[in-house]
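Keep the viewer open as you read.

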Amino acid sequence: MAKAIRIHEHGGPEVLRLEEVEVGEPGPGEVRLRQTAVGLNFIDVYHRTGLYPLPALPAVLGMEGAGVVEAVGEGVTEVRPGDRVAYAGLPVGAYAEVRLIPAHRLVPLPDDIDDVQAAGVMLQGMTAQYLLRRTYRVQAGETILVHAAAGGVGLILCQWARHLGATVIGTVGSAEKAELARAHGCHHPVNYREEDFVARVRELTGGEGVPVVYDSVGRDTFMGSLDCLRPLGMMVSFGQASGPVPPLDIGVLAQKGSLYLTRPTLMTYTARREDLLASARELFEVVRSGAVRIEVRQTYPLAEAAQAHRDLEARRTTGSTVLIPGC
Ligand code: NDP
């Protein structure tokens with residue numbers, strides 16, 4: 001048995017319940033992991049509310065964690081008992097002291113990345129990796145637009161894009177967040193609660209627009225983001241913190257300059273083990289080089305996951321957030 005945060009129905013943060021759950025022995029290809037740190041991500045909110053479906057209820061939420069391998073099932077070759085590991089992605093079940101997880105989803109942790117840092121960076125950092133290096137390959141000298149620039153993914157995108165030689169325009173929801181984004185590589189923070197971000201992007205690019213927009217805000221920014229793109233630009237819609245994007249008439253992409261649109265997910269980009277390991281390796285390299293600092297700016301006891309959800313949804317968090325089991 002282990003303590004875990006489980007939901008029995010979809011709803012607000014109040015549906016998150018601290019319970020004792022049965023863990024059991026790892027089956028073939030599985031590992032039993034004792035977790036020391038659990039990452040909080042906006043996708044956990046979508047799972048809690050039901051915006052993204054879960055296979056079954058009740059369910060333990062969470063997509064990211066770090067800890068020590070306690071036991072391995074038959075046929076596991078990727079890791080051994082005692083190994084320090086981390087993971088990001090499906091299957092859900094991270095909000096727990098101990099969990100079972102497929103061994104092929106685990107990434108061995110280097111000694112210079114501690115467990116809290118790992119749980120703070122794996123999901124958001126590998127997301128930044130595929131967005132900047134694979135979905136659209138950002139080049140030195142380009143000017144790009146990043147929404148929610150002071151958030152978990154946002155702070156990593158800003159630092160990494162600047163490291164690649166790009167000029168970063170980043171939208172944020174307050175003056176404090178503007179300063180934080182600026183301190184993490186964002187050249188031009190724009191408070192989109194006070195300023196028209198489309199007009200500002202046009203001004204900063206001499207009317208030309210940007211080659212790529214990384215949009216995780218969704219409903220509130222989607223159409224404006226299209227207006228920030230130059231002809232043949234790439235709209236990367238990778239999240240919906242403000243709500244789902246309404247159905248789109250694809251003719252709009254033609255009218256606005258033969259635009260490209262993609263709706264990527266980390267799961268597709270890390271489904272193959274070699275891609276997962278390559279993405280993690282590239283992430284660890286930029287962290288080790290100092291180009292990207294891991295910013296775990298909030299920690300909560302796992303038992304207080306509901307408060308962490310409230311703060312994330314109310315836009316009170318910045319950078320990454322980690323839940324600590326057993327305290
Ligand atoms: P963040 O730390 O970025 O938190 C979300 C931020 O979105 C808020 O801090 C807020 O910043 C901004 N926001 C704008 N409008 C709203 C609103 N109405 N309600 C709440 N927040 C709002 O979260 P994460 O770093 O965990 O995730 C960022 C986004 O990236 C999410 O949309 C997530 O789903 C997505 N994502 C997608 C992945 C993929 O592979 N497709 C993988 C990982 C994350 P501000 O106040 O500055 O506007």
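## Around the ligand

First, a caveat: this is a predicted model. The ligand has 30 residues around it, and those that come nearest are Gly151, Gly152, Gly173, Ser216 and Gly239. By class, the shell splits into 13 nonpolar, 13 polar and 4 charged residues.

Where does the shell come from? Both domain 1 (2-113 + 294-324) and domain 2 (123-266) put in at least three residues each. As for helices, H1 (42-49), H2 (115-135), H3 (152-163) and H10 (305-313) each give at least two residues to the shell.

## The six-stranded sheet

Next up is an open sheet of 6 strands, all paired in parallel, running S11-S10-S9-S12-S13-S14. The edges belong to strand S11 (188-191) and strand S14 (260-262); each has a single partner strand, so one side of each is left without a neighbour in the sheet. Going from one strand to the next, the twist averages 15 degrees.

Zoom in on strand S9 (residues 143-146) and strand S10 (residues 167-172), which pair in the parallel sense over 4 bridges.

## Helix H3

H3 already turned up as one of the helices supplying the ligand shell, and Gly152, one of the residues nearest the ligand, is among the buried residues of H3. How enclosed is the helix as a whole? Of the 12 residues in H3, 10 are buried, so the helix is largely enclosed by the rest of the structure. The buried set is Gly152, Val153, Gly154, Leu155, Ile156, Leu157, Cys158, Gln159, Trp160 and Ala161.

At 1.5 Å a residue, the 12 residues of H3 should span 16 Å, and the end C-alpha atoms sit 17 Å apart, which agrees. After H3 comes Gly165, with a positive phi near 95 degrees.

## The three-stranded sheet

There's another open sheet to find, this one made of 3 strands in the order S2-S1-S4 with antiparallel pairing. Strand S2 (17-21) and S4 take the edges with a single partner strand each, so one side of each is left without a neighbour in the sheet.

Strand S1 (residues 2-7) and S4 pair in the antiparallel sense over 2 bridges. To locate the pairing in the viewer, look for Ile7, which stands opposite Ala59 in S4.

## Prolines worth a click

Pro58 is in the loop between H1 and strand S4 (59-60). The bond from Leu90 to Pro91 is cis as well, with omega near 0 degrees, and Pro91 sits in the loop between strand S6 (84-88) and strand S7 (98-102).

Pro110 is found in the loop between strand S8 (107-108) and H2. It has 13 other C-beta atoms within 10 Å, so it counts as partly exposed. Pro110 and Gly62 are 48 residues apart along the chain, and their C-alpha atoms are separated by 23 Å.

## Positive phi outside glycine

Leu232 has a positive phi of about 70 degrees, and it lies in strand S13 (residues 229-237). Leu232 has 10 C-beta neighbours inside 10 Å, and the cut-off for exposed is 12 or fewer, so it counts as exposed.

Ser258 is not a glycine either, yet its phi is positive at about 50 degrees. Where does Ser258 lie? It lies in the loop between helix H7 (251-255) and S14. With 10 other C-beta atoms within 10 Å, Ser258 is exposed.

Key. Residues numbered from 1 in each chain as written. Predicted model: local features only at pLDDT ≥ 70, side-chain atom pairs only at ≥ 80, totals over all residues. Near = placed C-beta within 6 Å. Nonpolar A, V, L, I, M, F, W, Y, C, P; charged D, E, K, R; others polar. Domains from an automatic or database assignment. Pairing = 2+ DSSP bridges. Axes fitted to C-alpha atoms, helices over the stretch in contact; angles between N-to-C directions. Expected span 1.5 Å × (residues − 1). Buried ≥ 20, exposed ≤ 12 C-beta atoms within 10 Å, placed from the backbone.
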